[in-house]
Amino acid sequence: MDSAEVINHLEEDRHRWIGRASLSALTLLAANATILLLYIVYDLTLFQLAVLLWVECFWIGIFCVIKIFAASILGDPYENQYIEVSRGGNLFLSIFAIGFVGGQWLGLFGMTGIALAFARDSFAPDSSSNFIMEDLGLIIGSAGIFFVGHGLSFIVNFVLFGEFRTARAGTLLALPFKRSLALLGAIVIAFGAMLAFPELASTTSFAIVLMVLKVLWDYRLHVGERRALRNDCEPAESKA
């Protein structure tokens, strides 16, 4: 491939990636805007919003597992210069890797859930002390919104745009930790605000600012994920 062809390839790939990122950004913004709308319409507390963000962490973990299995079946995430790994070998390695890395992620997810449970009596008003049971429909609906948002991202980016083809296992296994950072960060900020500035934390303005910061951070992580998988898929001459 000569230099002109390489430049053309890079330019086409850049425009394709920009279009992909823009579509992904729309699904990301739509899902978060819907959650913010639910917060306002249902007059939720900041603690309840933190619970909904924790629920989103669950879907991040689920779709990361789906991506690893999809790449193992349709791609070659363990490709290397020393040995050739079969489809069955890919699946075996993925199951082992998910069991090891997934246990660590579940520990982080579980500890956050335990912290929310213990913090409920301190941060949740009496009207939301039974939040899980009283607003089970709201939680299920919010989980559905997150499912649709992350599901669309999976279909558009990972399947239709072919990120599964040569996505590497190391990149995929790191995704749930990276993508959960914005959510866990938002939960920590919410807790800090409820402790230090309870009156400010109870305002809608604070929740809006928190969600905007979360979306900006989440978008940066989302674009970083696309870039990492894009770099995995780039031919060697394109990286040079």
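Mentor: Let us begin with R168, which counts as partly exposed because its relative accessibility is 23%; by the convention used here, buried means under 20% relative accessible area, exposed means over 50%, and partly exposed lies in between, with a 1.4 Å probe and protein chains only. The model is a predicted one, in which local features need pLDDT of at least 70 and side-chain atom pairs count only at pLDDT 80 or more, while totals for chains, interfaces and linings use all residues. Residues are numbered from 1 along each chain as its sequence is written, and side-chain values use heavy atoms, with hydrogens and water left out.

The partner of R168 is E79, and their side chains form a salt bridge at 2.9 Å from N to O (a side-chain nitrogen of Lys or Arg within 4 Å of a carboxyl oxygen of Asp or Glu). E79 sits in the loop between helix 2 and helix 3, and R168 in the loop between helix 5 (136-160) and helix 6 (169-196), so this pair ties together parts that are 89 residues apart in sequence. Helices are DSSP runs of H or I with at least four residues, strands are runs of E with at least two, and both are numbered from the N terminus. E79, with a relative accessible area of 45%, is also partly exposed.

The search of the whole structure finds six salt bridges, and E225 takes part in a network of them that links E56, K67, R179, K214, D218 and E225. With K67, E225 forms a salt bridge whose closest N and O atoms are 2.6 Å apart. Since E225 belongs to helix 8 and K67 to helix 2, this pair ties together parts that are 158 residues apart in sequence. With R179, E225 forms another salt bridge, the closest N and O atoms being 2.8 Å apart. Here the tie runs from helix 8, where E225 lies, to helix 6, where R179 lies, so it joins parts that are 46 residues apart in sequence. As for their setting, E225 counts as buried because its relative accessibility is 4%, K67 counts as buried at 7%, and R179 is buried as well.

V212, which is in helix 8, is partly exposed because its relative accessibility is 43%.

Y39 lies in helix 1 (residues 3-41) and counts as buried because its relative accessibility is 3%. Leaving aside neighbours within four places in sequence, Y39 is in contact (heavy atoms within 4.5 Å) with L44, T45, L46, L49, T203, T204 and A207. N90, in helix 3 (residues 87-123), counts as buried because its relative accessibility is 0%. The side chain of N90 reaches the backbone oxygen of S72 at 3.4 Å, and N90 touches S72, G75, D76, P77, Y78 and V85, not counting residues up to four places away in sequence.

Taken as a whole, the chain has nine helices and zero strands. Of its 240 residues, 46% count as buried, and among contacts between residues at least 6 apart in sequence, 81% join residues at least 24 apart.

Definitions and conventions:
Polar contact = N/O pair within 3.5 Å; in protein donor to acceptor, adjacent residues only side chain to side chain.
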